Amino acid sequence: MAKCSHCNAPLPDGSVLCVYCGDRNDIDLAGIHYYTTHESDTPRICPRCDIRLKTLDLKLNGTFLIERCVQCLGLFFDPGELEALLEATVSNVFLIDRKGLDSINLRRQADQYPIAYIKCPVCTQYMYRVNFGTRSGVIIDRCKAHGVWLDGGELRHLMEWMKLGGKLLDQERQEQIRKEELKRESEQREKLAKIQVEPSPFGSFGDPLRQSDPDLFDIIHKALRLFTR
Ligand SMILES: [Zn+2]
Ligand SMILES: [Zn+2]
Ligand SMILES: [Zn+2]
């Protein structure tokens with residue numbers, strides 16, 4: 001468990017905010033050697049603090065730029081970058097630790113911010129709130145065009161989730177959903193097939209008989225006409 005660098009109190013899981021002294025701790029990028037580069041050319045604005053974000057180069061597989069707010073320690077990732085960062089920093093996970101996943105979410109502090117829509121740092125349109133993965137406990141804010149925002153501490157929580165097999169659990173769940181869909185589709189097809197082979201109300205006067213025995217068909221047909229005249 002991470003500790004507050006100011007008062008040494010244990011930090012709640014997935015939170016940068018110390019509940020004892022109110023200090024914010026830079027836990028998300030601990031262990032990643034990052035370099036502050038510059039303010040981005042096009043200003044990107046923190047949706048929490050309304051100040052410009054700073055660009056960091058994480059130097060993962062070459063240049064890897066993300067944006068961070070120096071005040072609230074929130075992070076902004078271009079589309080696909082968050083997933084790439086998680087892949088690059090957490091690997092060799094082959095088991096799903098279900099108990100572990102339960103416990104990191106139980107220990108996690110309730111959201112630091114009231115539930116509300118926040119604006120994309122790039123286009124300032126309100127972002128969607130999306131659950132990240134199965135049982136990650138993290139709701140990310142996403143702009144389809146520009147990327148995702150993580151509040152301080154959420155990246156660390158997602159890394160924990162990955163280490164405990166959260167991504168495997170997510171794949172398992174996706175697989176299950178796909179299977180259920182396939183099953184539903186094939187049931188639907190079976191139903192349709194049944195409807196098509198059901199005899200028509202005109203029964204044996206229909207086409208199958210005509211194809212197999214035209215004479216018989218004509219005889220019955222004529223008889224029927226006599227009968228109904
Ligand atoms: Zn503290
Ligand atoms: Zn901020
Ligand atoms: Zn946007």
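Modeller: Gladly, and burial comes up first: a residue is buried if 20 or more other C-beta atoms lie within 10 Å of its own, exposed if 12 or fewer, and partly exposed in between, with C-beta atoms placed from the backbone. In helix 3, the residues E154, L155, R156, H157, L158, E160, W161 and M162 are buried. This is a predicted model, where local features need pLDDT of at least 70, side-chain atom pairs count only at pLDDT 80 or more, and totals for chains, interfaces and linings use all residues. Residues are numbered from 1 along each chain as its sequence is written, while chains are lettered from A and ligands numbered from 1 in the order in which they are written.

Colleague: What makes helix 3 (residues 154-163) largely enclosed?

Modeller: Eight of its 10 residues are buried, so the rest of the structure largely encloses helix 3. The cover over those buried residues includes strand 4 (75-77), helix 1 (81-89), helix 2, strand 7 and helix 4 (166-197). After helix 3 comes G165, with a positive phi near 90°.

Colleague: Why is Y113 called exposed?

Modeller: Y113 has 12 other C-beta atoms within 10 Å, so it is exposed. Its place is in the loop between helix 2 (98-107) and strand 5 (128-131). The C-alpha atoms of Y113 and R48 are separated by 9.1 Å, though the two are 65 residues apart along the chain.

Colleague: How do you know what counts as a helix or a strand?

Modeller: Both are DSSP runs, numbered from the N terminus: helices are H or I with at least four residues, strands are E with at least two. The protein has six helices and seven strands, in the order β-β-β-β-α-α-β-β-β-α-α-α-α.

Colleague: What makes strand 3 and strand 4 a pair?

Modeller: Two strands pair if DSSP finds at least two bridges between them, and strand 3 and strand 4 have two, in the antiparallel sense. E67 stands opposite F76 in strand 4. The two strands form a hairpin with six residues between them, where L73 in the turn has a positive phi of about 65°. Strand 3 (residues 65-68) is also joined to strand 2 (residues 54-57) by four bridges, running antiparallel.

Colleague: Where is confidence lowest, and where highest?

Modeller: On pLDDT, the predictor's confidence in each residue from 0 to 100, helix 5 (residues 207-212) is lowest at a mean of 53, and strand 7 (residues 147-150) is highest at 97. Where pLDDT is low, the predicted coordinates should not be read in detail.

Key: Contact = placed C-beta atoms within 7 Å.
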